[in-house]
Amino acid sequence: MKISYSFIIPVYNRPNEIEELLMSFKNLQTNIPFEVVIVEDGSTETSEHIVRNYDTFLSILYLKKNNSGPGDSRNYGMQKASGNYFIVLDSDVVLPSDYLNNVDDFLKANYVDCFGGPDEADKSFTNIQKAINFVMTSFLTTGGIRGRKKAVKKFEPRSFNMGISKKAFEATKGFGKIHPGEDPDLAIRIKNAGFKTCLIPNAYVYHKRRISWSKFYQQVHKFGMVRVILNNWHPETSSPVFWFPSFFTFSFFVALLLLLFQVYFPVLLFVFYFLLIGFLATLKTKSIYIGFLSIRAAIIQFFGYGLGFLKSTYYLRLLRKEPKEAFPKLFFK
């Protein structure tokens with residue numbers, strides 16, 4: 001089968017991000033033809049004027065629709081795309097120049113109907129972006145599940161950098177209405193439908209998460225809430241690994257309580273763990289300051305995810321509430 005690629009990018013009020021992404025498309029070093037499908041998801045600040053500046057350099061399909069969330073927008077884009085293999089990207093990523101060549105080489109040698117790629121931090125990122133990128137990708141903090149060969153759990157493609165064949169899309173009907181969590185849900189359903197999924201290690205993107213500390217907490221808090229819902233929908237994916245942030249959070253407070261009784265060893269274990277994160281982040285980024293920021297990011301990540309997971313467990317497992325009833329803001333209509 002000859003592969004024809006369509007990149008699918010939903011965007012909501014972020015024209016500056018789209019310009020950076022389109023510039024990286026323009027700078028791709030490839031002879032492989034591709035289409036860029038941009039889906040404006042009910043934006044009040046549209047990207048149309050940016051897109052038109054790249055019409056002469058790229059094959060772009062620009063679509064507008066009412067706001068219905070990123071999952072539905074990706075589905076809409078895939079329905080309208082001309083390719084037979086869709087590469088879904090977030091608007092806040094930038095592509096390295098060899099991205100498409102790496103994807104195409106892999107698929108020609110080892111075809112799969114769904115793949116995911118890692119995310120990396122570019123040297124132009126802010127210190128906070130680099131710190132968050134480290135804790136979101138490090139084996140020490142996430143177990144490597146977001147795109148590493150060695151991971152504590154089987155890799156699930158994520159929609160910031162995810163490939164889906166047209167055949168798999170039509171068989172599964174694409175993304176659901178939940179957000180976040182629509183990407184692992186689709187990856188699980190693709191696998192359950194009999195299609196192969198995998199990680200392409202060198203198909204990485206630069207992921208410019210434009211978030212503050214407070215927004216980062218909100219994001220990982222939602223990740224924790226959503227994981228319980230996904231475990232309910234797909235019991236075969238449940239794993240003790242998902243309990244680790246909650247266990248970590250509970251143990252941290254216990255360790256602080258033990259200080260009142262002059263028991264220091266548990267706190268010293270946490271200090272050692274955080275210093276190790278800071279040390280490894282410093283080695284990777286060559287910045288002591290980013291190392292310290294990575295400690296802060298790791299604490300936010302564990303507490304946000306852990307508390308979100310416990311909250312969702314309480315409402316869904318103990319109170320037996322339906323996800324849409326307990327957390328309506330996690331679903332688009």
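Me: Helices (H or I, at least four residues) and strands (E, at least two) are DSSP runs, numbered from the N terminus. How many helices and strands are in the chain?
Reply: The chain has 13 helices and 10 strands. This is a predicted model, where local features need pLDDT of at least 70 and side-chain atom pairs count only at pLDDT 80 or more, while totals for chains, interfaces and linings use all residues. Residues are numbered from 1 along each chain as its sequence is written, and side-chain values use heavy atoms, with hydrogens and water left out.

Me: Which residues form the nonpolar patch on the surface?
Reply: Phe 253, Leu 256, Leu 259, Tyr 264 and Leu 268, with about 490 Å² of accessible area together. Patches take residues with over 30% relative accessible area and no salt bridge; nonpolar side chains (Val, Leu, Ile, Met, Phe, Trp, Tyr) are joined within 5 Å, like charges within 9 Å. Areas come from the Shrake-Rupley method with a 1.4 Å probe, and for residues only the protein chains shown count as cover.

Me: Which helix gives the most to that patch?
Reply: Helix H10 (residues 244–259), with three residues.

Me: And Leu 259, where does it lie, and what is its relative accessible area?
Reply: Leu 259 lies in H10 and is partly exposed at 34%. Buried means under 20% relative accessible area, exposed over 50%, and partly exposed in between (1.4 Å probe, protein chains only).

Me: Switching to aromatics. How many aromatic pairs does the structure hold?
Reply: It holds 29. Rings of Phe, Tyr and Trp (its six-membered ring) pair if their centres lie within 6.5 Å; planes under 30 degrees apart are stacked, over 60 edge-to-face, and the rest tilted. One of the pairs is Phe 252 with Phe 303, edge-to-face at 5.5 Å centre to centre and 80 degrees between the planes.

Me: Which parts does that pair tie together?
Reply: Phe 252 is in H10 and Phe 303 in helix H12 (residues 288–318), so the pair ties together parts 51 residues apart in sequence. Phe 303 is buried, at 16% relative accessible area. Both belong to one aromatic cluster, along with Phe 244, Phe 248, Phe 253, Phe 270, Tyr 273, Phe 274 and Phe 302.

Me: What else is in H12? Is Ser 312 buried or exposed?
Reply: Ser 312 is found in H12 and is buried, with a relative accessible area of 0%. Leaving aside neighbours within four places in sequence, Ser 312 is in contact (heavy atoms within 4.5 Å) with Met 225, Val 228, Ile 229, Arg 317 and Phe 327.

Me: Why is H5 largely enclosed?
Reply: Nine of the 11 residues of helix H5 (residues 127–137) are buried, so the rest of the structure largely encloses H5. Among them are Lys 130, Asn 133 and Phe 134. The cover includes strand E7 (119–120), helix H6 (139–142), helix H9 (213–233), helix H11 (265–285) and H12.

Me: And the strands? Where is Val 205?
Reply: Val 205 is in strand E10 (residues 205–207) and counts as buried at 0% relative accessibility. Not counting residues up to four places away in sequence, Val 205 touches residues including Leu 89, Tyr 99, Pro 118 and Phe 160. Val 205 and Leu 21 are 184 residues apart in sequence and 10 Å apart in space, C-alpha to C-alpha.

Me: Salt bridges next. What does the count come to?
Reply: It comes to 13, a salt bridge being a side-chain nitrogen of Lys or Arg within 4 Å of a carboxyl oxygen of Asp or Glu. Lys 177 and Asp 72 meet in one (3.6 Å, N to O). That pair links distant parts of the chain: Lys 177 sits in the loop between helix H7 (166–172) and helix H8 (182–192), Asp 72 in helix H3 (residues 70–80), 105 residues apart. Lys 177 is partly exposed at 34%, and Asp 72 is partly exposed at 24%.

Me: What separates Lys 108 and Asp 104?
Reply: About one helical turn, because they are four residues apart in helix H4 (residues 99–109). Lys 108 is exposed at 66%, whereas Asp 104 counts as buried at 4%.

Me: Last one, the chain overall. What radius of gyration does it have?
Reply: The chain has 20 Å, which agrees with the value near 20 Å for a compact globule of 333 residues. The radius is taken over C-alpha atoms, and the globule rule is 2.2 Å times the number of residues to the power 0.38. Buried residues make up 56% of the 333.
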